[in-house]
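Me: I am new to this structure and would like to understand the words used for it. Could you take me through them?
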Amino acid sequence: MPSRKEFLQIGSAGLLGMFAHRYGAFASEYSPAVQQMADGEVDWTHVQSEFDLKPEITFLNNGTMGPSPRSVVRAYTDRIQEINSTGHYGGGDHECVAALAALLGANKEEIALTHNVTEGINIAAWGVPLKKGDEVILSTHEHVGNAGPWLNLARLKGVKITVCPLGKDAEDTLRLIKKHVSKRTRVIAVPHIPCTIGQVLPVKEMCAWARENNIYTVVDGAHGTGMLKMDLHDMGCDVYVSCCHKWLLGPKGTGYMYVREEFLKTLESLQTGGYSAEEWVLTEKEVSFKGLVPTAHKYYYGTQSAAQYYGVIAAVEFHQKIGPANIEMRIRALNNYLFAGLKDLKKLKILTPEEEISRCGVVSFKFDKYDDHQFFEDCQKEKIVIRFVGENNLNCVRVSTHIYNSEDQIDKFLNFVKSKV
Ligand SMILES: Cc1ncc(COP(=O)(O)O)c(C=O)c1O
């Protein structure tokens, strides 16, 4: 892996040659422009032209929502049109599960389709076998989507929440998590990459250690999918909850939950219905119910949006065509460029760790002498979209960059920051 300095020297185009392309087997009817990338080095300007973002907007807030490339929008809208012109409303779910499983290094049986991260966390929180007094570890950097479900479980079921700070780097974070574990700890439920400062946590090491100590791991992976090249089997968590509407650039209101095969029996589903309930009989003479299907399909049920599933398939296809490693490297290169520029400005406190393995597509910072919320408002007036982070009283600003961003946009942002320091 090249060093941070090397990333800046080589630039993203040079970096691409260092990584083998891994193109998926998805035949695309939607991405002719992306198709061309399969044969050579990725042309990032070309990739940027696949998005309909207005040129006057500098969108640096992928951490909240990822704009979709045209191929995704087309897959989605075409399907809506087809549904309404033919009356065939279903389909796409098996293909969607298969596409996600292939992208994420998981089996099809381990993927449940959801609508967002919060839904998956709620399913996981209520499905883990916990009793009053059992402890769940969360971090001081939670989004309400991870905090809310566990706090509600504590309220209604009497489990205890223990809150762990993040360390200054991966090793320190791992040390702190271990330190916060007690004899009653049953679950570690921290984010892979928190919404606040985008620090990448050492989840693989954490999950291995937790397993050895009979502790379940439920990882809030809102920011992992589509940012990092992922292999969920290798990560080793029991549950990974994510969405397709951020870094995967899929339709909004789409997500998934991964449940490790061996954990499927342990993680209950409190709700069921069409497609997740197995054989049942309800007559005056007989009431019987075989239970739920044995796969992760037991966590979702009923009529879903086929159009959204086709949009997710197109988003996975878009990622596979460019190559998840190429995407991660491009995101890292842009982040390094931004990080170095912010560091040069000096009169700022960068909250995201500098350590390469502890960051990827996000950097958060505070001004020494300028009001951070005012800066956020100034950005809005300039049509620069970033996020203000109020969680954990951090009161900082967060900038996230993805493959549709350019060095020019980062320069524009850095100049704007410079005008305020
Ligand atoms: C770390 C984290 N967890 C959970 C969520 C909630 O995601 P969703 O809106 O998909 O439920 C977010 C959203 O920004 C997030 O950043």
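Reply: Ala, Val, Leu, Ile, Met, Phe, Trp, Tyr, Cys and Pro count as nonpolar, Asp, Glu, Lys and Arg as charged, and the others, Gly among them, as polar. By those classes, the shell around the ligand has six nonpolar, eight polar and one charged residues. This is a predicted model, where local features need pLDDT of at least 70, side-chain atom pairs count only at pLDDT 80 or more, and totals for chains, interfaces and linings use all residues. Numbering starts from 1 along each chain as its sequence is written.

Me: What makes a residue count as near the ligand, and which come nearest?
Reply: Its C-beta atom, placed from the backbone, must lie within 6 Å of the molecule. Of the 15 residues around the ligand, N116, T118, G145, C195 and A222 come nearest. Two or more shell residues come from each of α6 (117-127) and α7 (144-157).

Me: Why are α4 and α11 called roughly antiparallel?
Reply: The axes of α4 (residues 70-86) and α11 (residues 306-322) cross at roughly 155° and come within 8 Å. Angles over 145 degrees, on a scale from 0 to 180 between N-to-C directions, count as roughly antiparallel. The two helices are therefore roughly antiparallel to each other.

Definitions and conventions
Helices (H or I, at least four residues) and strands (E, at least two) are DSSP runs, numbered from the N terminus. Angles under 35 degrees count as roughly parallel, over 145 as roughly antiparallel, 65 to 115 as roughly perpendicular and the rest as oblique.
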